[in-house]
Amino acid sequence: VRIVPYLEKGSAKGFKLLEIVPGSIVARVWLKNGDIIESVNGKPIQTPQDALQLFTLLQAGKGISLVLSRHRQQKTMVIDLR
């Protein structure tokens, strides 16, 4: 997956997901190309380190809660990988 900063009116709004590989952990938890991850477990995603935390949690098999924007609609996803 490629992760790029997403800015709205010059301010960090989250990170956009691109080039998700079919069958990858990211695809298996139903994240899609173009999704903008805004927060993980209630913490805003504004730096590259914040974005890496998301993928560390996914790889570790932890449960997480995401707020994301998909097609300009905000969604909350709870992912339990146990």
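Does glutamate 19 count as buried or exposed, and at what relative accessibility? In this predicted model, glutamate 19 has a relative accessibility of 51% and therefore counts as exposed, the cut-off for that class being over 50%. The side chain of glutamate 19 takes part in a salt bridge with arginine 2, in which the closest N and O atoms are 3.3 Å apart. Because glutamate 19 is placed in the loop between β2 (11–18) and α1 (25–28), whereas arginine 2 belongs to strand β1 (residues 2–8), the pair ties together parts that are 17 residues apart in sequence. Arginine 2, for its part, counts as partly exposed, at 40% relative accessibility.

A salt bridge is also found between the side chains of aspartate 35 and arginine 70, with an N to O distance of 2.8 Å. Aspartate 35 lies in the loop between α1 and β3 (36–40) and arginine 70 in strand β5 (residues 64–70), so that this pair ties together parts that are 35 residues apart in sequence. Both aspartate 35 and arginine 70 are buried.

A further salt bridge joins aspartate 50 to lysine 43, where the closest N and O atoms are 3.3 Å apart. Here aspartate 50 counts as buried, with a relative accessibility of 11%, while lysine 43, at 42% relative accessibility, counts as partly exposed. Overall, the count of salt bridges in the model comes to 3.

Terms used:
Residues are numbered from 1 along each chain as its sequence is written. This is a predicted model: local features need pLDDT of at least 70, side-chain atom pairs count only at pLDDT 80 or more; totals for chains, interfaces and linings use all residues. Side-chain values use heavy atoms; hydrogens and water are left out. A salt bridge is a side-chain nitrogen of Lys or Arg within 4 Å of a carboxyl oxygen of Asp or Glu. Helices (H or I, at least four residues) and strands (E, at least two) are DSSP runs, numbered from the N terminus. Buried means under 20% relative accessible area, exposed over 50%, partly exposed in between (1.4 Å probe, protein chains only).
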